[in-house]
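Please look over the sequence and the structure shown here before reading on.

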Amino acid sequence: MAAMLASGAMAESHGAGMDQPGQTASADLINTDNESIGTATLTDGPAGVLIHVRVEGLTPGKHGLHLHAVGTCEPSEGFTTATGHVGKVEGGHGLLNPAGPEPGDLPNIFVGEDGIGEMEAYSTLVDVASLLDEDGSTFIIHAQGDDHMSQPIGGAGDRVACGVIKGQ
Ligand SMILES: [Cu+2]
């Protein structure tokens, strides 16, 4: 009985550090032709955020996926209005970079021969509240894979999809 009480108390104090435990957000992803190609969702856990992404109509293979710092998606501008990665630090990009990662860094999404890509990822570097800051945030999918090391974006190339993160 004592052990049960202790573990209950631990779970409670673990959750107490979160601003708003369980907060969720989502983003409708569009391509550079302004067509809807999928959805991303974020769900706060007690120590990080769980991310789910599903897209259609992308080229098969690996695509870099990042959280970018401004919540605007302008297809005619190649989604550059989303600016750089969340928490960008000069020289700090990459999950495998000894000087990194940046809080906006995420694993690649893999797209099959049918153009469909789906992934689940987890990050302790951001939470939903931090992404829903004053100027918002976006998901950006790049044309090529992110090598998690090269600067400034892991060699991932152009921005092929974008989604503004919206609270729920
Ligand atoms: Cu990016």
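The largest nonpolar core has 31 residues, and those that touch the most other members are Leu29, Val55, Phe139, Ile141, Ala161 and Cys162. Such a core is a set of buried Ala, Val, Leu, Ile, Met, Phe, Trp, Tyr and Cys residues joined through C-beta atoms within 7 Å. Two or more residues of this core come from each of strand E1 (24–31), E2, E3, E5, E6, helix H2 (128–131), E8 and E9, and E3 gives the largest share, four residues. This is a predicted model, in which local features need pLDDT of at least 70 and side-chain atom pairs count only at pLDDT 80 or more, while totals for chains, interfaces and linings use all residues. Residues are numbered from 1 along each chain as its sequence is written.

**Overall layout**

- The protein chain has two helices and 10 strands, where helices (H or I, at least four residues) and strands (E, at least two) are DSSP runs numbered from the N terminus.
- Read from the N terminus, the order of elements in the protein chain is α-β-β-β-β-β-β-β-α-β-β-β.
- Of the 168 residues of the protein chain, 36% count as buried; a residue is buried if 20 or more other C-beta atoms lie within 10 Å of its own, exposed if 12 or fewer, and partly exposed in between, with C-beta atoms placed from the backbone.
- Among contacts in the protein chain between residues at least 6 apart in sequence, 61% join residues at least 24 apart, a contact being two residues whose C-beta atoms, placed from the backbone, lie within 7 Å.

**Strand E3 and its partners**

- Strand E2 (residues 36–44) runs antiparallel to E3 and is joined to it by seven bridges, and a hairpin of four residues connects E2 to E3; two strands pair if DSSP finds at least two bridges between them.
- E3 also pairs with strand E7 (residues 117–123) in the antiparallel sense, over seven bridges.
- Valine 55 in E3 is the bridge partner of glycine 38, and valine 55 also stands opposite glycine 117 in E7.
- Val55 is among the residues that alanine 161 touches, together with Leu29, Ile30, Asn31, Ile37 and Ile141, when residues up to four places away in sequence are not counted.

**Loop between E5 and E6**

- Proline 101, in the loop between strand E5 (65–68) and strand E6 (109–111), is joined to glycine 100 by a cis peptide bond with omega of about -5 degrees.
- Phenylalanine 79 counts as buried because it has 25 C-beta neighbours inside 10 Å.

**Loop between E8 and E9**

- Proline 152 has its place in the loop between strand E8 (138–142) and strand E9 (159–164), and the peptide bond from glutamine 151 to proline 152 is cis, with omega near 0 degrees.
- Histidine 148 lies in the loop between E8 and E9, and its phi is positive, near 65 degrees.
- Histidine 148 has 20 C-beta neighbours inside 10 Å and therefore counts as buried.

**Confidence**

- The mean pLDDT of the protein chain is 91, and 88% of its residues reach 70 or more; pLDDT is the predictor's confidence in each residue, from 0 to 100.
- Over residues 1–18 pLDDT stays under 50, and the model has five contacts beyond four places in sequence for them.
- Where pLDDT is low, the predicted coordinates should not be read in detail.
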